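Dear colleague,

I am handing over the structure below, and I would be glad if you could look through it alongside the notes that follow.

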Amino acid sequence: MPKRDYSLDNPAWGTRRPVIVGFLCNWCSYRAADLAGISRMGYPSTLRDIRIMCTGRLDPTFVIKALREGADGALVMGCHPGQCHYDAGNYKAMRRMALLRRTLAQFGVHPDRIQLAWASAAQGTLFTETVFKMTNAIARLGPLEWHDTIDELVPRAPAMPSAETLVEEASHG
Amino acid sequence: MADSIGNHDLLQRAIASTPGGQALMECLQCGTCGGSCPSGQDMDATPRKLIAMLRAGMDDEVLSSNTPWYCVSCYYCAVRCPQQIPITDLMYTLKHIAIERGQYNKEAHVGFSESFIDYVERYGRSFEFGLATRYNLTHHPFRMVGKAGLGFQMMQKGRLNATPDPIKDMPQLTAILAEARRIESHEEAQDEPV
Amino acid sequence: MSQSRQYAYYPGCSMRATAHAYDRTARRVSEMLDLSLQEIEDWNCCGATEYMSISALQAYSLVARNLSLAATQNATDLVSPCSACYLNLRKTNDNMKKYPDLNDQVNQALAAGGISYTPGALRVRHLLDVIVEDVGFDAVAALVKQPLKGMKVAPYYGCLIVRPSVDGYDTEYPTHLDKLMQTLGAGVVDFPLKTHCCGGHMTQISEETAFELIRRILHNAADYGADAIVTLCPMCQLNLDAYQPQVNAMFGTRFNIPILFFTQLMGLAFGLTFDEAEIGSEIIPALAALGKIGQESPEQVAPKRRDKKALPMPIP
Amino acid sequence: MDEKIGVYVCHCGHNIAGTVDVEGLSKWASTLPDVAVARDYRFMCSSLGQELVEKDIKELGLTRVVVAACSPHMHEPTFRRACERAGLNRYLFEMANIREHASWVHQHSIESATDKAKSLVSGAVRRVKELKPLEPFMVDINPTTLVVGGGIAGINAALEIANAGHAVYLLEREPSIGGHMAQFDKTFPTLDCAACILTPKMFDVGNHPNITLMTYSEVEQVDGYVGNFKVRVRQKARKINTDLCTGCGDCWEKCPAKVVDQVYEAGLGYRTAIYRPFPQAVPKYPVIDMESCIYYQKGTCKACEKFCPTGAIDFEQEDKVLELNVGNIVLATGYELFDPRRISPYGYGRLANVFTSLEFERMLNASGPTGGKVILRDGETQPKSVAIVHCVGSRDKNHNVYCSATCCMAALKFGHLVKERTGAEVYSFYIDIRTSAKNYEEFYHRLLDEGMNFVRGRVAEITDAARQPGEEGKLVVQVEDTLLGKQRRIPVDMVILMGAMEPRRDAVDTAHRFGIGCSEAGFFTEKHPKLDPVATMTDGVFIAGACQGPKDIPDSVGQGAAAAARVLTLIGQGRVEIEPVRANIDEARCSGCRICNNLCPYGAIDFIEEPGVSRVNPALCKGCGTCVAACPSQIITGQHFTFESIMAQIEGVLFDVRAGNGQSHTVEQLPLEPA
């Protein structure tokens, strides 16, 4: 059981708190989060969640985007292996996340900042515990401030061009 | 004592100093432990009842109960408990606290444990002969009559050494145990509810 | 012939006195099974069931010293023939792994003696488990010169070899000693009290309590027509053997059941002489029971077929 | 082009307003780019709240709407309808879940709850701007229904639907329907005979014009979606030509192969290799069990064939694989009994006179192995004392932590019947007696009155090792009588173990095959534990009976009917909307790399040789987005979850920590979560 609060001993936090972007699958983990609410289970307000239909939808760009926009970590949660609403999206997420964590490590992002976890719609407790664990991990690691570092490495490009604009360019060019 | 009811010092301490002790809070009072205990009939409270007393804050009654002292460490209670409470280890904890607070039961065989440990701390190994004679002479002098015959037989069959056989590096062991004692007493100072 | 298997060997205090028969036969049999047991240099007492109640951390540290010493020998497995020692060694190894705080404290204590131990560095095992798992029944059978045919034994495991929990074995109804005895050709009774308590240290503290526990086991073995009880723990052997006369005195019973170590019977089956098998060190003489070896006993005959109208038994 | 976004913050009474500063939130929202209006209101889901939105859409010409309230799983449909009524495409609406995900989980601090709510609203506002108008698909509901499992729950569901005039396939794994109830003798608390109330229903199923009965069959594969499921069924070969068979029974009377019947007789009785599980079986035809049939094992015998008067035996018969098209599915696959061998101190399998509850049901049954006589394993001796052990494998973290709900009453029933038939002393060993349904507690009182001995204590061990006089030749039940605080050893002749109700061993596979969820234990997960107990997360798939959790007969019957009602609603509607959340390939820019083809779990993406691009079949696509994320040239659009909309939402939820947006990285220090 994780401690029921998190400490910001790490002085690097100054006055700010950890910020984690959550990508929750519509069928299991988003509903687990709903259940946590219905059961009034408290957890750190560090998680800001985004609903996707399936962790299989998780485009690694999303995580990179989140970190670059100032998040200290990203938590991807889906259905338990074998229980994916779409057969095996979570297995695909597993592969992508493994690769992503290794890649980002090369850019100085600690692997603990990018986590993949499971919770069935019935596991509100597991969901809250996961948020606590992740928050504690991030709290220990300190702020990421990745945009500062990464912007030097890779100058900030204009927001990812949409399919449409690409066609535009193609047709004009 | 009624006035101690609802004050959970001992419960908290027991949970803190027993690995996996948190499970205590989920005791169903089903009695599997009490039913399984080989020496259950001789205990003034079954392990189940002891847990109930612990949770009722009857600290003095718990510590002065003979139950932990009749535990034979067979672990039946622990493996059968439907709530996976480490009951055997809880008994060790309670004995330890009782000794520490000098609150233990008259039937308690602290003497036995202590003489045993005394030999271990002196020689690094236990010493049945010394143990049996010394413990019994001090605690059950009359039993020695019956035991003497047995002792003699065991001697004859070379199953009882008249002299202890100490380990070589006693200083090392002594140092280790001393340090352990230091750490533990320090820990407990913190555990103790204020 | 394959390279003999190496094990660090922790005999434990009783093996040097009350259970020297066990120690000696264990060593002889292991040799015949091509197991090389290297006794831990300058090992100390495991604390039995006493130390825990006085001071948990000291108890763990006491045991950890042995683990630390054993780890320096070139073996991955630490073997003990004594169930109590086995439990304490195993428990310390496991709990240090499971509870990091405990691990830190124990190692802090060890440091005071200039040593350390990494939990999990060793696998703690009981001699019986090693013989059953690493050697196997076939290899044992191959060594049997004098099958124990005709003698009926009650396999008595006691508590600490299967509890609190040992992966792979039923915590209340193990059968590996049963199978081993069958492999030696002995008749084996399905012994209900096989993992009940022998009274442990209660013989020293409350004879009323202890002797009742001993009586139950002897009574049940007699009920089942066992010629002998076979054990794998010095404490169990001591209680059932040495206190048998006093139990008889207390309850007015006439039990006369020899209590032998499984290694003694293995030795006999492997062709050791009575002396080599340390027969005679027991208080209740085993000669009568051993005399049955070789004779045709009724139990060897196939059990009678179930009555026609009887209801089927569940598949075991 | 400029968007006009309306943001509506719901108080939800105190549920949200209690912990989130709703006024502040809506004021703040009104300052966000493109937000034309922001309001807060006590109950947005009320008709007045909805009218508020409709009015603004009409009068202010809103082009997008965000409602910050509860979970989209609760009220998204409500507000989508409201938008549509006001002429705004329903998919231009987005919900911010500031109740379940903020006010209810951050109650310790208004600041952190409000802060979290801000980020969720900001995310929704950014996302809604990227959404595209979509039209839902309408699909017809195939009025035929598949019911899986022929126990009492499945039978009831099938009959309800069939009686309403719709076709039903009733599928059963065993050779006959009836399930566990068919094994019982009496039912609690009324003690009426199980067969007398079950067999008429079984008969109706067998003869109903709208029910196609498929016994000895299993589902192999399920495809499609609500209204249009394709189900592949394997009908195992009975080795009997059912057109010719009259069920006369000559075959099994002549069959020389006797085996223990582990299923219907629960291991307590025998059957032949060619057998009909029980006299009232539906259908009446036997099956040949190839494992035990001498002909299949040794190559000779065929006694059944020789004696069959109608030549109905067909040794060459093969399994049949059938494709069923159905609109809805009801799962009623039932439960399995806990195997008490897993608790060795209870001695089951070792001690002859320890029985499982199911064995004992068969023993009580007049058509069972003992003809209803209560006798010991020796087949003749009547017990003088019987122990009934509760919670065997239930309420036990070593096995199943849950309470099996039915055992207490079954134990009371057993106690009554034992006394009635043998006059034996009966001891019931319990932790708690749970009799929480109509007339159950009364039945408990009746047993107290009949002199059944209740011992409060979970049994520690059952042994044949006599310790004191009076125990010889008995089974001794050792227990702590917790009300006396004393250890007791009670010698009896017979012990009955009330085993837990466990999910079917293959429940997890089944759940997966039908695309529904299940608990770790393996019980199927309902859509809502309170308000939607028979629906699942998958539209068109419903659950009933013990497959959803331990249940007794009345509850299973009730759920069977409830599931039927839900199916009939859909059939009544005739058509159902399905979300246009689908993948869409821009074929103009598809490189034809075919990576997506194999990734799709539904084989919904085909490669079109000419012009060499991939194409999504919207009828098969379920919109998971796996292909969208995987497309190397990013030309697959996940409708309603587009790349742009999610990227925008990410920026939105991080509004306060984003770099280069003028704001500092810091937010005011908030109190840490409480211990």
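Chain D is divided into five parts by an automatic or database domain assignment: domain 1 (5-136 + 648-653), domain 2 (145-236 + 322-334 + 504-575), domain 3 (250-318), domain 4 (338-502) and domain 5 (583-638). Please bear in mind that this is a predicted model, in which local features need pLDDT of at least 70 and side-chain atom pairs count only at pLDDT 80 or more, while totals for chains, interfaces and linings use all residues. Residues are numbered from 1 along each chain as its sequence is written, and chains are lettered from A and ligands numbered from 1 in the order in which they are written.

In chain D, the C-alpha centres of domain 2 and domain 3 lie 28 Å apart. Their contact (C-beta atoms, placed from the backbone, within 7 Å) takes 15 residues from domain 2 of chain D and 10 residues from domain 3 of chain D. On the domain 2 side, helix α8 (residues 194-207) of chain D gives the most, with six residues; helices here are DSSP runs of H or I with at least four residues.

Between chains, the axes (lines fitted to C-alpha atoms over the stretch in contact) of helix α2 (residues 60-68) of chain A and helix α19 (residues 643-653) of chain D come within 9 Å and cross at roughly 25°. The two helices, α2(A) and α19(D), are therefore roughly parallel to each other, a term used for angles under 35 degrees. A:F62, A:K65 and A:A66 of α2(A) make the contact with D:I646, D:M647 and D:I650 of α19(D).

With best regards

Methods. Axes are lines fitted to C-alpha atoms, for helices over the stretch in contact, and angles run from 0 to 180 degrees between N-to-C directions. Angles under 35 degrees count as roughly parallel, over 145 as roughly antiparallel, 65 to 115 as roughly perpendicular and the rest as oblique. Two residues are in contact if their C-beta atoms, placed from the backbone, lie within 7 Å.
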